[in-house]
Amino acid sequence: MTAPEHRGRGPAKTGASAAVAHALGVGLMPQWRARRASSRRVARSLGFREIGAQSSVRLGEDGGAAPATIRPGLPSRDR
């Protein structure tokens with residue numbers, strides 16, 4: 001969510017580092033969930049490891065999920 005002209009200059013890492021330090025300081029276990037490669041790179045630079053998988057489900061108008069709308073662990077891609 002960084003403005004394009006500021007990407008690659010460190011604001012995401014700086015902000016995330018402060019958030020992680022705060023979480024650890026109050027006894028929480030920080031977690032990072034991301035699909036975009038750029039976000040995953042920031043997480044790795046802070047020492048996070050990729051484990052597990054992430055899935056998305058789009059609910060239908062009736063609140064149910066049609067099988068075709070379940071998207072398990074798709075590969076990351078920046079948009």
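Arg49 sits in the loop between α2 and β1. Helices here are DSSP runs of H or I with at least four residues, strands are runs of E with at least two, and both are numbered from the N terminus. Arg49 is exposed, at a relative accessible area of 70%.

Gln31 belongs to the loop between α1 and α2. Gln31 is exposed too, with a relative accessible area of 55%. From C-alpha to C-alpha, Arg49 and Gln31 are 9.6 Å apart in space and 18 residues apart in sequence.

## Model and confidence

This is a predicted model, in which local features need pLDDT of at least 70 and side-chain atom pairs count only at pLDDT 80 or more, while totals for chains, interfaces and linings use all residues. Residues are numbered from 1 along each chain as its sequence is written, and side-chain values use heavy atoms, with hydrogens and water left out.

The pLDDT is the predictor's confidence in each residue, from 0 to 100. Its average over the chain is 81, and 77% of the residues score at least 70. Among the elements, helix α1 (residues 11-25) has the highest mean pLDDT, 94. Strand β2 (residues 70-72) has the lowest, 52. Where pLDDT is low, the predicted coordinates should not be read in detail.

## Overall layout

Two helices and two strands make up the secondary structure of the chain. Along the sequence they follow the pattern α-α-β-β. The chain has 79 residues, and 8% of them are buried.

Contacts are heavy atoms within 4.5 Å. Of the contacts in the chain with a separation of 6 or more, 34% come from residues 24 or more positions apart.

## Helix α1

How far apart are the end C-alpha atoms of α1? They are 21 Å apart, which agrees with the 21 Å that its 15 residues should span at 1.5 Å a residue. The expected span is 1.5 Å times one less than the number of residues.

Ala16, Val20 and Ala23 are the buried residues in α1. Seen down the helix axis, the buried residues of α1 fall within an arc of 60°, so they line one face of the helix. That arc is taken from the directions between the helix axis and the C-beta atoms. The face turned away from the buried side carries the exposed residues Thr14, His22 and Gly25. Just after α1, Gly27 takes a positive phi of about 80°.

The structure holds two salt bridges. The term means a side-chain nitrogen of Lys or Arg within 4 Å of a carboxyl oxygen of Asp or Glu. Side chains of opposite charge can pair when their charged atoms come close.

Another salt bridge joins Arg44 to Glu50, with the closest N and O atoms 3.1 Å apart. Through shared partners, the salt bridges join Arg40, Arg44 and Glu50 into one network.

How accessible are the three partners? Glu50 is exposed, at 53% relative accessibility. Arg44 is partly exposed at 44%, and Arg40 is partly exposed at 25%. Leaving out residues up to four places away in sequence, Glu50 touches Arg40 and Arg44.

## The aromatic pair

There is one aromatic pair in the structure. Trp32 and Phe48 form this tilted pair, at 5.5 Å centre to centre and 55° between the planes. Rings of Phe, Tyr and Trp (its six-membered ring) pair if their centres lie within 6.5 Å; planes under 30 degrees apart count as stacked, over 60 as edge-to-face and the rest as tilted.

The pair links distant parts of the chain, 16 residues apart: Trp32 is in the loop between α1 and α2, and Phe48 is in the loop between α2 and β1. Phe48 counts as buried, at 18% relative accessibility.

Notes. Buried means under 20% relative accessible area, exposed over 50%, partly exposed in between (1.4 Å probe, protein chains only).
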